[in-house]
Protein chains: 4
Amino acid sequence: MNTQADFHTGADAALIEDLVMGNHILFNEKIVDAFGHLSVRHPNNPNHYLMSRHLAPGLVTAADVLTFDLDSNPVHDMGVRYYSERFIHGEIYKARPDVMAVVHCHASALIPFGSTRTGLRPIYHMSGFLGCGCAQFNIADTAGKTDMLIRDPSRAKSLAAALGDKSIVLMRGHGATVIGNAIRQVVYRSVYATMNAQLQLEAIRLGEPMYLDEEEAELAAQSNDKSLDRAWNLWKREAQS
Amino acid sequence: MNTQADFHTGADAALIEDLVMGNHILFNEKIVDAFGHLSVRHPNNPNHYLMSRHLAPGLVTAADVLTFDLDSNPVHDMGVRYYSERFIHGEIYKARPDVMAVVHCHASALIPFGSTRTGLRPIYHMSGFLGCGCAQFNIADTAGKTDMLIRDPSRAKSLAAALGDKSIVLMRGHGATVIGNAIRQVVYRSVYATMNAQLQLEAIRLGEPMYLDEEEAELAAQSNDKSLDRAWNLWKREAQS
Amino acid sequence: MNTQADFHTGADAALIEDLVMGNHILFNEKIVDAFGHLSVRHPNNPNHYLMSRHLAPGLVTAADVLTFDLDSNPVHDMGVRYYSERFIHGEIYKARPDVMAVVHCHASALIPFGSTRTGLRPIYHMSGFLGCGCAQFNIADTAGKTDMLIRDPSRAKSLAAALGDKSIVLMRGHGATVIGNAIRQVVYRSVYATMNAQLQLEAIRLGEPMYLDEEEAELAAQSNDKSLDRAWNLWKREAQS
Amino acid sequence: MNTQADFHTGADAALIEDLVMGNHILFNEKIVDAFGHLSVRHPNNPNHYLMSRHLAPGLVTAADVLTFDLDSNPVHDMGVRYYSERFIHGEIYKARPDVMAVVHCHASALIPFGSTRTGLRPIYHMSGFLGCGCAQFNIADTAGKTDMLIRDPSRAKSLAAALGDKSIVLMRGHGATVIGNAIRQVVYRSVYATMNAQLQLEAIRLGEPMYLDEEEAELAAQSNDKSLDRAWNLWKREAQS
C-alpha cells in the first residue's frame, strides 16, 4: 500500500505527516481509542479531504492516508475497507466551507454530556471555543431506530445541520464531532473539550460554577489560537516516546 | 512445563496465541489485575476448553495453557495448581452451547454495580451488547455463607442459571463474568462493559441518561461485531509495547 | 553505605530482597508516594525489625535497610537520617506479637475515609480482611495540637492502642497503617484496602452497597491468603519493568 | 540559542539545572500540561528572576532559561517569544520580598475550586501550608471583560494583591498561582495543593471532613519543609525515566 501517496493529488508530505501525528496525538491523549477518526480538507482542492483507511488512529501511517470527495467516496478506490462513518466528514465540509479539519471521537468525558443532553460550558480559558455553545444531536430524531452510526450521507446531513455554526456537536449514545480551521486547532479543541467535560462534571459537585461569559470565552479562544504550536509540540514529543 | 502444548489435543497454535494475547490485553486494559481468567472452548471438541493454569493473566504464556473438560478437570493433570474458580467456565459452556469464550474478572467499575444490584444499561453504541440486559448473581441466595468464590460445580451451576441468556452477569461482592462467541468478542465485551459502567456512573450525576433502547442496542451490537479486529489489533500492539 | 548488610544480624538476603521489592511495589501500585514506609519484624529476633533509612520507598535498595529495636532506635547507628515516624513500627510490634510486617502510607483513597471517620467495609472478597472492622485514630484525642506525625513513642503507643486487634487503622488528616503476618500479606492488604476505598466511594453513589458480612469476609480472607504469591509475582514484574 | 547561559548574570548552573528539573517534574506530576510556568528569583539580584522562554514546561532546557527584571522585561531581549503571563511572576516578586519561586498552572483538580470559589482546606498534613488559607481571584472584578490571561502588569498587580500573604491564589476560570521560598518548596506545594483538591472533593462526598486546624497545619507545614528533598529526589528520578 506504499504507493497511495501518489493519489493525494498534491497534498504535500508535511500535511500528511501532521495528519498522521494528529491521529497519534488523539490516541495518546485518550481522545480516541481504537475508534474515531481525523480528517483534513485538501489544501489544493476544497472538494476533497484526506483521511486514513479503516484503522485504529494509533496505528495510522502515511501509507494509510487516502483522498475522499465530499460524498465520501475514495477518489481512487484502493479496494480496502473505509471508515463506515466517513460521511460525517464529507457532509460537514460541504455545509461549512470554513471548516478545514474534523475529529470524530468517543472521548469518555463527553459521553455523559451527550446522553443527558447537558451542555458543555467553558469552565476555563483553555476551552473558550465552547463559549459559542455546544450543539446536541439525537440520531433518533431524524433517522428513527438505528445502530447509532452515521453510516450514510442522509444521517450525516442531519448531523451537520445539528452542528450549525458551533465548534462541537455531542451525539447522544455515541460520541462527539469537533471542527476546526486546521489540524492543530481541531486536535487542540478535542483535547480541551474533553478536559472541560471532566472539570465541569467535578465542579458542579462543589457548587454552581462561574463559567466564562460569551465575551470572555471569545477573547480567550482568540488568545489560545496563537499558542496551538506550544501544545502540539509537546503532544508530538509525548506521542513519539 | 514446555511439553503441555502436546496436550491441547489439536488446538492450533494460532488459537493458543490468541488466548495468551487475550490474557495480556485484559491485563493491559485493566479488566483483570493479578486475578481473573479467560478461557476458550476447544475448537475441535465442544466438551473441552482451554485456559491457563493458576497464574496472573499478565504472566500467562503458551506453555501455561491446559485443556479442561466441562467438569473443569484437567484432561491431563500436570500436577500444577489450577484456578479455584475454573468451574465458572465449565458450567457456562455446558449451559450455553453458543458460548465459545468466557472472561471472569474483578474490573473496578463493575463492582459497585454488582454490590448495589444496579443494572448496566447501554449508554453508547460501543456497549450495545448490554441492551438485552445484565444478569445479577448473589452467591448467598443459593450457597449461604461462603468465601464468595465459585469453587465448586454447584456454585457454578447457580451462576450459569443466573446468567441465563445474557452476555454478562454481575456477581455481588465479587466481580463479573462475560461470555462471547469468540476470544475477540469476549475481550471486546469485557472492555466496553467496564467502560460503560464508568460512563453510566458519571452520567447519572448529570441527570437521567437517554440509554440506547433495545432495538438500537441490538443494531449497534451487530455493527460492532464487524469491527472487533480493529480494536484487537490496537490492544495487541499496546499489550506488547 | 554498602556494609550495612553486616548489621542485619542474621536476616537473610531473600528477606531483605523482599523488603526492598515490597517498597518498590508499594510505590508502583501508588500506595505510597515519596512518603510512607514498610518494615518487617526480624525473623530471628522478635525484638528487632528491619526498615529503610529515611528515603522515598521507590528509591530503597538493600544497602539502605537497617535494623531497629522495638524502641525504634537503630541497633547500629549509621549516622544517617531515619524516618521520623519509625515509632509506629516499633510500638505496633510491641503491642501485637502476631504482627510480622507493617505499612504506613498516605494512599489517596484512604484519606477521605480517615478525615470523615467513615469506616471501610468489605465491598468485595478481595478485601475480606476488612470484615473485622477498621480502626480510627485522631491524634488530637491524645496528643493535642501536633504536626500530625507519630514522631515519638508516646504517640505511637496511642496509635497501637487505637489499632487494637484490627488489620488497619485510619489516621485523621494523615493516612493509614496496615499490619500483616508477612511482607506479602501486608502489601496485599495495603493495595486492596486502597482499592476497597475507591470502590466503596463509587458504590455509595449508586445506592446502599451489600457489603460482605462478617462470616463471608472471614472466609474470603482465608482464601485470599492462599494466593498472595499470585499477586506478588505480578506486582514484582510490574515494579521491575 | 546555546549562548543564553551567558546572560544569567551569575546564576550558577546548579540553580538553572533545578529550574529545568522543576519544569520537568511539574509536567511529569501533571501539575502543568503544555501551559503553565515556573520561575525562581535571581539569587544574586532580587530585582531579577529566571524563567524559560515561551515553551511547554516539559520541553524546557537550560538553553531556554532567560533573566527578566521585575517589570518582566527580558534583561537581554533574545528576540524570542516570552510567556504572555510572565507579569504574574514579576509583580509577585515585587509585592512579596519573601517569595523566591513562583508556579503558575492549570492543574485539573484546582479548576473546580477556583470556578466555584470553594476554599482549599488542609485535609492532611502534606498540605499544611494551606492552613493559612487560600486566596481567590476573579479577573473580572478589576479588569472587566478579558481573555482571562494576566497579560499586563496591571492585571498582575491585582493578582498579587489578591494573593496577599497566602501561599496560593486560585484564579476563576483560569488556574492557580503558588509561591514558595525556593524551587523545591514551590514544586512541593504545587503537587500537594493539587492532591489536596482531589482528596477534598472526594471527602466531601462522604461527609464533613475534619480538616487540620490552623495550629496543626502550621506545625505540619514546618515539618514538611524538612523533607522536601525526599520528594524532590523521587520526582527527579521519575521525570528522568
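Q: Which strand order does the open sheet of chain B have?
A: In general, strands of a sheet pair through backbone hydrogen bonds, either parallel or antiparallel. Here seven strands of chain B form an open sheet in the order E3-E2-E1-E4-E7-E6-E5, with mixed pairing. At the edges are strand E3 (65-69) and strand E5 (135-137) of chain B, each pairing on one side only. From one strand to the next, the twist averages 20 degrees. This is a predicted model: local features need pLDDT of at least 70, side-chain atom pairs count only at pLDDT 80 or more, and totals for chains, interfaces and linings use all residues. Residues are numbered from 1 along each chain as its sequence is written, while chains are lettered from A and ligands numbered from 1 in the order in which they are written.

Q: What counts as a strand, and what as a pair?
A: Strands (E, at least two residues) and helices (H or I, at least four) are DSSP runs, numbered from the N terminus. Two strands pair if DSSP finds at least two bridges between them. Take strand E2 (residues 48-52) of chain B: five bridges join E2(B) to E3(B), and the two run antiparallel. One bridge sets Ser52(B) against Val65(B) of E3(B).

Q: How many bridges link E5(B) to E6(B)?
A: Three, in the parallel sense. Ala135(B) has Val169(B) of E6(B) as its bridge partner. E6(B) and E7(B) instead pair in the antiparallel sense, over four bridges. There Met171(B) has its bridge partner, Gly175(B), in E7(B). The hairpin of E6(B) and E7(B) has three residues between the strands, and Gly173(B) takes a positive phi near 65 degrees.

Q: Which residues of E6(B) are buried?
A: A residue is buried if 20 or more other C-beta atoms, placed from the backbone, lie within 10 Å of its own; 12 or fewer makes it exposed, and in between it is partly exposed. Both faces of E6(B) are covered. Ile168(B) and Leu170(B) are buried on one side, Val169(B) and Met171(B) on the other.

Q: Where does helix H5 of chain B lie?
A: Helix H5 (residues 153-163) of chain B lies across E5, strand E6 (168-171) and strand E7 (175-180) of that chain. H5(B) runs at about 155 degrees to E5(B). Axes are lines fitted to C-alpha atoms, for helices over the stretch in contact, and angles run from 0 to 180 degrees between N-to-C directions.

Q: Which non-glycine residue of chain A has a positive phi?
A: Most residues other than glycine have a negative phi. Arg117(A) has a positive one, about 55 degrees. Its place is the loop between helix H3 (111-115) and strand E5 (135-137) of chain A. Arg117(A) is partly exposed, with 15 other C-beta atoms within 10 Å. In chain C, Ser72(C) also has a positive phi, near 65 degrees. Ser72(C) sits in the loop between strand E3 (65-69) and helix H2 (87-95) of chain C. It counts as buried, with 23 C-beta neighbours inside 10 Å.

Q: How many residues of chain A are in contact with chain D?
A: Contact means that the C-beta atoms of two residues, placed from the backbone, lie within 7 Å. On that basis 26 residues of chain A meet 23 of chain D. Helix H6 (183-203), helix H7 (214-224) and helix H8 (228-240) of chain A each supply at least two residues of that side of chain A. H7(A) gives the largest share, six residues. The side divides into 13 nonpolar, six polar and seven charged residues. Nonpolar means Ala, Val, Leu, Ile, Met, Phe, Trp, Tyr, Cys and Pro; charged means Asp, Glu, Lys and Arg; the others, Gly among them, are polar.

Q: What is the makeup of the side of chain C that touches chain D?
A: Here 24 residues of chain C contact 26 of chain D. Helix H3 (residues 111-115) of chain C brings the largest share of the chain C side, four residues. That side has 10 nonpolar, 11 polar and three charged residues. Two other pairings do not touch: chain A and chain C have their nearest C-alpha atoms 12 Å apart, and chain B and chain D also have theirs 12 Å apart.
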